[in-house]
Amino acid sequence: MGVRNQTRVVEFVFLGFSGIPDGHIYLFLPFLAIYLVTVLGNLMIFILIQLDSSLHTPMYYFLSHLSCLDICLSSVTVPKILVNFLFQRQTITYNQCLSQMFFLISFTGTEAALLAVMAYDRYAAICKPLHYSRLMNTKVCAVLAFTSWVWGFLHSALHTALSCKLYFCGANQIHHIYCDLPPLMKIACNDVHINEVAVHITSLFVGGGPFFTIILSYVFILSSILKIRSTTGKRKAFSTCASHVTVVLVYFGNGSLNYNRPSAGYSLEIDTLVSTIFCIITPMVNPLIYSLRNKDVKGAFRKALESQGKLKHHHTIN
């Protein structure tokens, strides 16, 4: 019987947390806490950037997009995990699975592109300060941000379209905690050669392209900083890049572990841990990095608190 005559799978079962069948209800609260911290932390940064005029610069414009991305990325996976924990049923329908995979690939691809754009912004600010206002004007920033989003969605559309042609012949157990391309390809019963070729080619552009851009930008940035004579000037230049470099290391480091797996694959426990760190912990960490290491964001937060305090005091007097 040909694969096209096989009955299509209508539901998948996640095996990522199968090792702790009686502990799902206890995992609900930690994952809920992580999700709330992620959403509230990124939302706080987004609102601060909109309200504080001192943060109306290209760097923080792109940071506001990064905050939106992290909320979206976390919201693609965590709510479904929470629902499954609550009802103690680790399942997802076929259509929901493809939708989850589409948005997951879209947002991860967009984030890689956006981090490259942010690296270019730091290059323009440090290496081309006299031309910065022209190189990173409002129109250019909008185009770069829009292109990053389109880049991610086009990349995802290709993989999702190819994944729609996969047949699973009754195999519906995914060794993962959410729907992603590698675990789906692993359980497909028809030829996945085209999918594998597409993954390798697009990885060079969607992952390798932004990473190369970031490395090249920081080579020029480091060269320019080393030419600065004053220690204060060097320290200031380094401080403007510190948060971005940390986020890049966290994102690409975890992304490499998640997608560049050994040929034998990870054990189910390690796979679950790596997946959790990449798509659930990383979006939570980013706002912490930018709020704890960035003086401008901390200053805007203090001003917002002071304004709120004055407002409450005014209402109390009246």
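Predicted model: local features only at pLDDT ≥ 70, side-chain atom pairs only at ≥ 80, totals over all residues.
I started with how helix 1 and helix 2 cross, and the crossing is left-handed.

Helix 1 and helix 2 come within 9 Å of each other along their axes, crossing at roughly 160 degrees. Angles over 145 degrees count as roughly antiparallel, so helix 1 is roughly antiparallel to helix 2.

I found a nonpolar patch of about 560 Å², built from I25, Y26, V83, L86 and F87. Which helices supply it with at least two residues each? Helix 1 (24-51) and helix 2 (58-87) do. Helix 2 gives the largest share, three residues. I picked out F87, which sits in helix 2. F87 counts as exposed because its relative accessibility is 63%.

On to charges. How many salt bridges are there? I get two.

One joins the side chains of R89 and E11, at 3.5 Å from N to O. R89 is in the loop between helix 2 and strand 2 (91-93), while E11 is in strand 1 (residues 11-14), so this pair ties together parts 78 residues apart in sequence. I looked up the cover too: R89 is partly exposed at 48% relative accessibility, and E11 is partly exposed at 25%.

The side chains of D121 and R122 also meet in a salt bridge, 2.9 Å from N to O. Are these two buried or exposed? D121 has 1% relative accessibility, so I noted it as buried. R122 has 8% and counts as buried.

Methods
Residues numbered from 1 in each chain as written. Heavy atoms only, no water. Patch = residues over 30% accessible without salt bridge, like charges linked within 9 Å, V, L, I, M, F, W, Y side chains within 5 Å. Areas by Shrake-Rupley, 256 points an atom, 1.4 Å probe, with all protein chains shown as cover. Salt bridge = Lys/Arg side-chain N within 4 Å of Asp/Glu carboxyl O. Helix = DSSP H or I, 4+ residues; strand = E, 2+ residues; numbered from the N terminus. Buried < 20%, exposed > 50% of the residue type's maximum accessible area, 1.4 Å probe, protein only. Axes fitted to C-alpha atoms, helices over the stretch in contact; angles between N-to-C directions. Parallel < 35°, antiparallel > 145°, perpendicular 65-115°, else oblique. Left-handed = near helix turned anticlockwise from the far one by under 90°.
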